[in-house]
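Here are my notes for a first look at this model. Please read them with the structure open.

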Amino acid sequence: MDVRSEEQGVDSQRAVPSRESICPDPVRSLRPVSSPHTDSISVQRPSRAGSSLRALTGSSVRETVVAVATTAVRVPEITVGALAFLVSAVFAWVPSLWYDEGATVTSATRSWAALWAELQHVDAVHGLYYALMHAWFWLVGYTPFTLRLPSALAVGVAAGLVVAVGRRIGGTRLGVVSGIAFLVLPRVVWAGGEGRPYATITTLSVALTLVGLTAVRRTRGGVPWSRAGLGWWIGYGAVAAVAVTFNVYLALVVVAHGVALVWTLLAQRAAAGRADRAADVGGAALGRGTVGGLVDPPLVSWRVSRGWLVAGVVAAVLVVPVVVLVMRQSTQVAWIGAVGPGTVRQVFRTAWFGGSTLFATVAWLCMVLAVVLVLRAARGAAPTARELLRAQAVRVVLPLVVVPTALLLIVTAAGEHLYSPKYATLSLPFVALLIGLALTAIRPRVTLAIAVLALVAISIPTTVAVKTPHSKQDSHWANAAAIVERQRSLAPDADEGVVFGSVWQHPSTTTQIIRDTYPTAFAGMTDLAATTSGAQTGQLWDTNGDITTTVPSRLGDIDTVWYLGAKSRSIRHELTTTLEAEGFTESHEWMAGTTVVSEYTRAPR
């Protein structure tokens, strides 16, 4: 779909050394050296060698700075990608972990055999992500920061790819502005600091699109199934298979690509009709280069369509086992609600803009204006090459924004509840590109720069908000773990046990999830209540047995018992009664958000 060509030339000249540097003065080289004085100390001037070294060092620093600046300008993909990584990674260790991230930690820290058993029952949709995180933890170890670092890296790569796609479909200015818009999208900043697969989903969606654009470009106007075109369509099918295996929702990107191809074919046919009518009116056969909005040779041909169709079908066949397994576990999304009044708010504010009404309003205004103004300009009597290029950019990008969300909403309205704002993150790169199309219509450059800075400015509140300690569903797990760790340090030799109650808003899950995410605080404790191991049964969480019988049978020499559980649906009363019968009393109680932390100690025997 790219109509631009790239060419670059670099000329260099070799520096010629001076005569003196080749042939030094022999008189200077034979100058006698005086003997040192014994009765005084002389202060010598800095040697020429030292001065030369400093000059050389200063020159090297200048050359390095110039080289870095030149690279930043010539390769904006790297520059914007690095900036996006920094924005996502900075303070990513601050927010307390929450329920979804706890599922990642619990799954990824299991053995390969236990993880495989789990995926047969639950979370197969995230299976490849868990496997990659398992390998990552094996390499670097687990901490809250290392959990989130891959997501920050994925956002950096995605931002660079957004720049690449923008340059491919609309020029360098569109690429750079879209990349900046992408890295400040509130939902992108959220995904980049989240120990879940959503950042990688955005990376795969834009990577698949870039491979598809290249395949179209290599196939356009060539012989059927040329070697170059065939190779890129094979690559497209391979990336699509990997992407859908990583997350089945990425199949919607392939569907959106098909919509973009059909739209382009129809636009080309309409443009051809306008060109023919213009030729008839003019009484001569006019060239079709840009007449009526037609590009010659066509951007999309039936050869291109066949390439997409074959690659998509092959990828679909390859991922059938994964899709079937995920569909068998569809009860996992039972928590997703039906389409209702709140859905409009989710689509408008939450899915791409993190709940910021101001940012959402500005972004939607930009996207609507971009589509309307660009397509109107391209349908004029004599559209320019730039207007045609931007119109084709809309045909590429708009389906990737609209189609995934529309299909999920339609299926949800039909009874299969699949739409959730976080599943719409795959469209984030293309939302940024639409915003970029609107902003790059601004002239002159100074005004464009001011507009971009304004967009960055209104993103600052949400960027800061997602970096606060309790930004993730108001989780206080880090505080709860810190309380336990601090109190245990006061009696390091105590024999201690723990009972994990339910988690707020997740009654089937125990606060074992806090131990999994902050294991240091609970090291050496005996679980007094769990009777079923999630790792052994292929489930995410352990389950407790009967408190009145299980806990007393495991007390032994334990003299301190800890309890962590939700403030509602609590087993604390039952536990307190059981422990009091064994000689324990509740010595301390703390509230960490919605989590109750209690310490029971046994009276000296």
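Are Glu 496 and Arg 488 buried or exposed? Both Glu 496 and Arg 488 are buried, where buried means under 20% relative accessible area, exposed over 50%, and partly exposed in between (1.4 Å probe, protein chains only).

1. Basis. This is a predicted model, in which local features need pLDDT of at least 70, side-chain atom pairs count only at pLDDT 80 or more, and totals for chains, interfaces and linings use all residues. Residues are numbered from 1 along each chain as its sequence is written, and side-chain values use heavy atoms, with hydrogens and water left out.

2. Salt bridges. A salt bridge here is a side-chain nitrogen of Lys or Arg within 4 Å of a carboxyl oxygen of Asp or Glu. The count by this rule is eleven. One of them joins Glu 496 to Arg 488, at 2.6 Å from N to O.

3. A link between helices. Glu 101 and Arg 148 also form a salt bridge, with their closest N and O atoms 2.9 Å apart. Glu 101 sits in helix α5 and Arg 148 in helix α8 (residues 144-170), so the pair ties together parts that are 47 residues apart in sequence. Both Glu 101 and Arg 148 are buried. Helices (H or I, at least four residues) and strands (E, at least two) are DSSP runs, numbered from the N terminus.

4. Asp 527 and Arg 515 meet through their side chains in a salt bridge of 3.8 Å, N to O. This pair links distant parts of the chain, with Asp 527 in strand β4 (residues 526-527) and Arg 515 in helix α22 (residues 512-517), twelve residues apart. Salt bridges that share partners join Arg 515, Asp 516, Asp 527 and Asp 542 into one network. Asp 527 counts as buried because its relative accessibility is 18%. Arg 515 has 23%, so it is partly exposed.

5. The sheet. Five strands make an open, mixed sheet in the order β4-β1-β7-β9-β8. β4 and β8 (584-592) are at the edges with a single partner strand each, so one side of each has no neighbour in the sheet. Two strands pair if DSSP finds at least two bridges between them.

6. Pairings. β1 (residues 496-500) and β7 (residues 560-566) run parallel, joined by five bridges. Gly 497 has Val 561 in β7 as its bridge partner. Seven bridges join β7 to β9, and these two run antiparallel. Trp 562 partners Glu 599 in β9.

7. The hairpin. β8 and β9 form a hairpin with two residues between them, and Gly 593 in the turn has a positive phi of about 65 degrees. Eight bridges join these antiparallel strands. Glu 586 stands opposite Tyr 600 in β9. Seven of the eight residues of β9 are buried.

8. Arg 110. Which loop holds Arg 110? Arg 110 lies between α5 and α6 (112-119). Its relative accessible area is 9%, so Arg 110 is buried. Leaving aside neighbours within four places in sequence, its contacts (heavy atoms within 4.5 Å) include Glu 118, His 134, Gln 539 and Trp 541.

9. Trp 93. Trp 93 is in the loop between α4 (76-89) and α5 (99-108). Trp 93 counts as partly exposed because its relative accessibility is 45%.
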